[in-house]
Amino acid sequence: MLRYALKRLISLALSLAVASVVIFAVIEVAPGDPASFMLGVNAQPETLAALRAELGLDVSRPQRYLNWVSGMLAGDFGTSYTYRTPVAQMVADRLWVSLPLALYALTLSTLIAFPVGIYAAARRGKPGDLAVMGATQLGIAVPNFWFAMMLVLIFAINLRWFNAGGFAGWDNGLWAGLHSLTLPAIALALPQAAILARVMRSALLDILGEDFMRTARAKGLSRRQALWRHGVRNALIPVLTIIGLQFSFLLAGSIIIEQVFYLPGLGRLVFQAISARDLIVVESVVMLLVFAVITVNFLVDLAYAAVDPRLRSRT
Amino acid sequence: MSRALILGAALSSVVVLMALLSFVWTPYDHAALNIPEKLQPPNAQHWFGTDHFGRDMFSMIMVGARTSIAVALVAVGIGMALGAPLGLAAAARKGSWLDELIMRGNDLVFAFPSLVIAILITAVFGPGAVNAIIAIGIFNIPVFARITRGAALSLWEREFILAARVAGKGAARISAEHILPNVANLLIVQGTIQFSLGILAEAGLSYVGLGAQPPTPSWGRMLADAQTMVSFAPHLALIPGLAIIVTVLGLNLLGDGLRDWLDPRIRVARA
Amino acid sequence: MSLLEIHNLSLSIHGAPVLDHVSLSIDPGQIVAVTGESGSGKSMTALAVMQLLPAGTVATGSVRLDGHAVLNSPEDEMCRLRGAAVGMVFQEPMTALNPVKTIGDQVMETILIHKAMPRDAARTRAQEVLTRVGLPPDRFPLSRYPHELSGGQRQRVVIAMAIALRPRLLIADEPTTALDVTTQAQILDLLKGLVTEYGMGLLMITHDLAVVADMADRIVVMQKGRVVETGATDHLLRHMQHPYTRMLFQASGHRVALPAPPAPAPLLEVRNVVRDYRLPRTRLFEKPVHHRAVDHVSFTLNRSERLGLVGESGCGKSTLTRAILGLEEVQRGQILLDGQPVFTGHKPNLAVRRKMQVVFQDPFGSFNPRHRVARLITEPFHLLEAPPTGSERQHRIAEMLTAVGLSPDDAGKYIHEFSGGQRQRIAIARALMIRPELILFDEAVSALDVSVRAQILDLLAELCAAYDLTYLFISHDLSVVRTITDRVMVMQSGKIVEQGETERVFADPQHPYTQTLIQAVPKLPEIGQGAA
Amino acid sequence: RSDITIAMQLEPPHLDPTSAAAQAIDSVVYTNVFEGLTRFMGDGSVVPGLAESWEISEDGTVYTFTLHDGVTFHDGTTMDAEDVKFSLDRATAEDSANAQKALFAGIESVEVVDPLTVRITLAEPNGNFLFNLAWGDAVIVAPESIEGIKTNPVGTGAYKFAEWVQGDRITLERNPDYWGDQPALEQATFKFISDPTAAFAAMMAEDVDVFDNFPAPENLPQFEADPRFQVLVGSTEGETILATNNKKPPFDDVRVRQALAHAIDRQAIIDGAMFGYGTPIGTHFAPHNPAYVDLTGLSAHDPDKARALLAEAGFADGFETTLHLPPPSYARRGGEIVAAQLAEVGIKAEIINVEWAQWLETVFKGKNFALTIVSHTEPMDIGIYARPDYYFQYDNPDFQALMATLNATTDPDERTRLLGEAQRMIAEDYVNGYLFQLAKLGVAKAGVQGLWENAPTAAIDLTAISWAD
Ligand SMILES: Nc1ncnc2c1ncn2[C@@H]1O[C@H](COP(=O)(O)OP(=O)(O)OP(=O)(O)O)[C@@H](O)[C@H]1O
Ligand SMILES: Nc1ncnc2c1ncn2[C@@H]1O[C@H](COP(=O)(O)OP(=O)(O)OP(=O)(O)O)[C@@H](O)[C@H]1O
Ligand SMILES: [Mg+2]
Ligand SMILES: [Mg+2]
Ligand code: NI
């Protein structure tokens, strides 16, 4: 177990190192000089040079890469070119929107997907199953930004049950915060729930064909008892993989949704930073997202072990 | 043949036929502006209505299908053409540095939040269909590499591969002669699924303005253009949205149906 | 009144008939063995008693279990019966247990689900039954997970689960098929003991006639969904009526006549071969640990000699085969065919490979399902410098297919169009295609039904006469090795512990391991009708 | 109510109006947090700000300002002549980061006469000087608080900076110690909503009270029809033009540029891209300015004439070119229409959508473009045509001379005449395609009063705003 964790940890570190090079390289070739963007159309050359020096843009690329990486290792993500505040601070603020949103969406999608998937698996081939499977097919096919648009149109503009967007802030209480994250979370969660429900169902169906399910029935467990006691936990293994993938997707992929609901989250930060050529912010946020994805995958791997004792003892 | 397969094939072929038909015929010139006639709801002249420039939506949807299909197809093609050989090679040299390199490379690509990178790539290299293809294609490579490797590994354990080795065949030859044909079904099915994901991805990129550029019509961009007008011209958003849904639904049903039809045992990853 | 009374049970699955008027009964304390070929409906009969039949099954007739009419019982009533009144043990111990739950939980579940006793008492009872099946809690705590046990131990857990509530009837569907002979003997003993001790009825399903003869009070022989013969064991063995029963018994003890071996002239020489597998490291920077699968093995195989290799599962037989074929490099020692090494300079020596072919165990997995027979069996031509083409090639294909008892027309078919026995014939045809000097048979008949196995063994004997074969025959089935080889080697944990003339080794085993092995094999009584 | 939530499209990068071009900074802080010696009013007039009064020397080169007494910065320090000197010196310094250094170009010296009197000497007379000092880039800052100005602006205005939740909002609070009249609102929140859909949704859901410059003209009829809202349509200083690279063949040929002008149908662009909001212009000048001359007739929509001109220039079969479009919808949508209109006369313009940063890099700085659509939002910016190195690269010595004369002229009538001449000159040279004057589209809740209808500069003057009872 420890060895397993350690090995994963090392490959995690390696992945991060390679990722940092790739990100830096991609962003370096981006056209558009941050300094001239900031100073606008009438900037004087000497002003520009002064600003470039101030931003640390006047050193060579490798040097800049090293500065960036060593800064990050020390917890210093640099200073935003445009906002002139520490990137770490900005990211931390945004994280308080993106992370709860991702968790909220993930919780919603899990809460929807589990019962639905189990229901469908238990009624395999019956009308209930077919209806659920049809609905999930549709759920997968719906682009989430389009879904978000429709949600806003219906629930915010017409019914006015929710705010059309924006974030009330956690200072106004948990409820206010959650309320403003509800529509975005639904927009993110439903298509994901459709995928998760399908995975849950097919994993369960696979498990239902296993010998030990027959053994359980032979002990006197009813179909339902066997499904819950022996099926669900085994089915968690493939389901966990998907949840892991989805979390990364939700965290990173909410860019568009944050855009639709104008939430001050990480996704919007990246978008703004890209269009403002705030390279240091882009680099750091993307790096952070990669870090999050890799870490989540690592945690998922560890979670496997919690679910599956076979992995635990693989010393 | 299952109902899913028939329905999926029907929906997908309607879309494909529409795209093909658009090369020779559309009701109107999809690019012709007619500002006095803008924002008409669906009617007898314009079946899907007109957009904010008075263009015929039906013609735009037809030509847009072309864009979506082309971008997704080429992206999946890239993913498969590069991913499958990598997967075969990794499986053939299981446990070697090559395998390790390929798999770690895969993990790395997987570790990048795909949408962010797609946005980054198109933002850096400029928006446009070609860059969208590359951005989507890159993330298809590990999908195909991984699935090919997984299937190939279990095939390498099979005795008929051992028999081929006893017959003196090398890894490359075995991969081509024995492994590839046996993973082909899997690749086709996964390809269909990736194709549908590609269409969604293209729509997403176009929606944020990083996909195909005007005047090439694209469903995602039609949605973006429609955004502010849904409240008074809902057809602008509904129609491209439904076009995407129908296409993706059709392809997914086709993929699922094909999988059941070709081989009930193979498992397809959908992520 | 009987414990289990099956009367005129007929079953169809999605309209296809599976059982046809099956009747049988079991009394308390009685062991009834159901035997018959694969697919004859044995398992379906057992599942009908449990009412765990696959979806789409229609049953008629009657099944009375301990006075309850089972066939039309509602599901909750059956739930009460299953586990409490009737327990069941399945064939595959590796998959019969839930991998994510401890063995204690799984045994206790039987007790708790029937609310037979409170949790503490259930725990005690679980410990008792596990002790009874030979897994005392001090050595096998309840907190073990299935993967921490061997196959035989897992099968014991399954049995413990089935007997936890002392059911009146125990159904065992091929409980030992997946186990090796020594473990099989232990499990069978355990079952016999339980029957006498608890006075249970045991419905035992097996295709191994020797096991049947050894254990059962009564025998039921099934064929194609029907009971063709039934009776008390001794009586039935002595007065077999039905031709199928006779065929079955004869095929089990099938003997073939091999041509006499010629004077020894070495063909294959294996000298001091060692094959290590590197195990995953347990700690990061420690030295890699190795598992020695083949441990200093040396032997010589003479031209036209038929050599057997026996040993229990995992002792290294297949590993040795792969080493001989030059598919893997060995860590130490030398393998020479006709004086030439099979592996030179880290590369397989194709000139030597040309002289060898192999037949594998799995008749379903040894062929690429996407190729036709002609292409499949000519694959070894790849080894030749000038493979025959055109009509020469067609001729060779036809000749080989005929030699293994198939028709030349079969060349155009796909592999799924053939039965298991036919596939094994095709595998032999493929091996013979390039007229190798040496053929390796790795468990080549283990997956086949007894009757089919008999046919393949006959074929081998014929081919020995016709083509003057030299082969190494690997099997864990001692009776097969005994009849098809001239000389035999016994392998244990990678080492050859004994070798010699087949008859001598079997009649007078020297090494203790060989002795256990031979003793553990259930013996079919000599029936006297004479073997073909 | 005494608070208000005002939405705007762009979030300011920071809050120092004296060191960046971003208009969003001015929108938040101009006159609210920071004040200058003079200031703009909603109608575009320039009135005294921190300066109570001023005197101008005979020759027009020496300005003596008398400051208001008792003005303090939000940190309690007093605002006096030293602060004015500091601010102007900082703006004119060699390493100044001021984005509009040109405004201060003529300043020779700034002297402190006494704590409430400042004397500014110019190198030559400048008729625009008081106007220049009203810009956001010329506000008065204190040396004590300059260090943290970007995130914690300290000014003299009626509102103090309170909180900034980046990516979301900035909050200002009323300054009880304000030297002038106390404004009506106690608190104001600026929310940043760039996405037009989100803007519409936020307005409709009444999440915000005012949208300063509503990004989606197509939604205005809905607001107009809804009694909950009022729509304020005004004008901006934004001349939207099809900027043309005058050095890049074939656009170095005036006939080709003229053909472009005749190929374009302005009304279609205003209707299609702006849903009817905007005033057609025929030259680079704001129509609401008294000196404006209507020259749209010079470039009336006439595709046949355009084709004829192209044929004359040797492009009978048209040619291929590119069209760079920055993000605002006037450019993106307008660009699609322009491309279609150009296609009609045989010019195939490939659309290249760019972000602002890229636009600045490739188009503005690199001059690596053929055509682009952009709105020039600085007030009175016809002077850019006198800069041959400006991105559209119009190099006409006659025009440069004309501008020099204009700068030295203080007589209003003469100035008007010269401006008219300048307008005509660039229109007849067809330097750029002149499309329309960008409208200022404000949306607000029905009860909000005192909003600026026009936008002489980017500002949301909170002091004027109040709620009707
Ligand atoms: N789930 C099922 N659906 C349809 N047919 C089935 C199913 N399970 C078994 N059968 C059919 O029922 C018949 C009897 O099968 P059964 O499993 O009882 O044979 P068996 O005697 O136990 O064979 P074996 O020795 O191989 O276990 C076979 O022809 C088989 O093909
Ligand atoms: N690739 C491998 N890596 C590590 N260990 C292996 C590998 N292949 C086989 N082994 C181990 O080597 C030992 C011998 O395996 P082998 O397959 O030769 O046994 P066998 O005698 O053929 O058994 P069976 O009768 O089950 O086929 C086993 O303990 C097995 O776990
Ligand atoms: Mg069976
Ligand atoms: Mg083996
Ligand atoms: Ni008798």
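Is D:Asp16 buried or exposed? At 1% relative accessibility, D:Asp16 counts as buried, where buried means under 20% relative accessible area, exposed over 50% and partly exposed in between (1.4 Å probe, protein chains only). Welcome to a short tour of this predicted model, in which local features need pLDDT of at least 70, side-chain atom pairs count only at pLDDT 80 or more, and totals for chains, interfaces and linings use all residues. Residues are numbered from 1 along each chain as its sequence is written, chains are lettered from A and ligands numbered from 1 in the order in which they are written, and side-chain values use heavy atoms, with hydrogens and water left out.

**Chain D as a whole**

- Chain D has 12 helices and 19 strands; helices (H or I, at least four residues) and strands (E, at least two) are DSSP runs, numbered from the N terminus.
- The radius of gyration of chain D is 23 Å, close to the 23 Å that the globule rule gives for 469 residues, so chain D is as compact as a globular protein of that length. This radius is taken over C-alpha atoms, and the globule rule is 2.2 Å times the number of residues to the power 0.38.
- The C-alpha trace of chain D spans about 70 × 55 × 35 Å along its principal axes.
- Of the 469 residues in chain D, 60% are buried.
- Among contacts in chain D with a separation of 6 or more, 68% are between residues 24 or more positions apart; contact means heavy atoms within 4.5 Å.

**Where chain A meets chain B**

- Here 42 residues of chain A are in contact with 36 residues of chain B.
- About 3400 Å² is buried between chain A and chain B, with carbon and sulfur atoms giving 82% of that area. Buried area is the accessible area (1.4 Å probe) that two parts lose on being put together, summed over both.
- The rule finds 1 salt bridge across this interface, a salt bridge being a side-chain nitrogen of Lys or Arg within 4 Å of a carboxyl oxygen of Asp or Glu. A:Arg198 pairs with B:Asp256 in a salt bridge, with the closest N and O atoms 2.8 Å apart.
- There are also 3 residue pairs in polar contact across the interface of chain A and chain B (both at pLDDT 80 or more). A polar contact is a pair of N or O atoms within 3.5 Å; within protein, one must be able to donate a hydrogen and the other to accept it, and residues adjacent in sequence count only if both atoms are side-chain atoms.
- Elements giving two or more residues to the side of chain A that touches chain B include α1 (2-28), α8 (174-208) and α13 (279-307) of chain A. With 8 residues, α1(A) gives the most to that side.
- The side of chain A that touches chain B has 35 nonpolar, 4 polar and 3 charged residues. In this grouping Ala, Val, Leu, Ile, Met, Phe, Trp, Tyr, Cys and Pro count as nonpolar, Asp, Glu, Lys and Arg as charged, and the others, Gly among them, as polar.

**Where chain D meets chain A**

- This contact takes 47 residues from chain D and 38 residues from chain A.
- Chain D and chain A bury about 3400 Å² between them, with 54% of it on carbon and sulfur atoms. D:Gln166, D:Ala357 and D:Leu360 supply 15% of the area that chain D buries against chain A, more than any other three residues.
- Between chain D and chain A the count is 0 salt bridges and 0 residue pairs in polar contact (both at pLDDT 80 or more).
- On the side of chain D that touches chain A, β10 (187-192), α4 (196-204) and α10 (356-365) of chain D each give two or more residues. The largest share of that side, 8 residues, comes from α10(D).
- By class, that side of chain D has 21 nonpolar, 10 polar and 16 charged residues.

**Salt bridges to look at**

- Over all chains, the count comes to 56 salt bridges.
- D:Asp16 forms a salt bridge with D:Arg90, the closest N and O atoms being 3.2 Å apart. The pair links distant parts of the chain, 74 residues apart, with D:Asp16 in the loop between β1 (3-8) and α1 (23-29) and D:Arg90 in helix α2 (residues 81-92) of chain D.
- D:Arg90 is partly exposed, with a relative accessible area of 26%.
- B:Arg55 and D:Glu336 form a salt bridge with the closest N and O atoms 3.0 Å apart. B:Arg55 lies in the loop between α1 and α2 (57-92) of chain B and D:Glu336 in helix α9 (residues 329-344) of chain D, so the pair joins two chains. Both B:Arg55 and D:Glu336 are buried.
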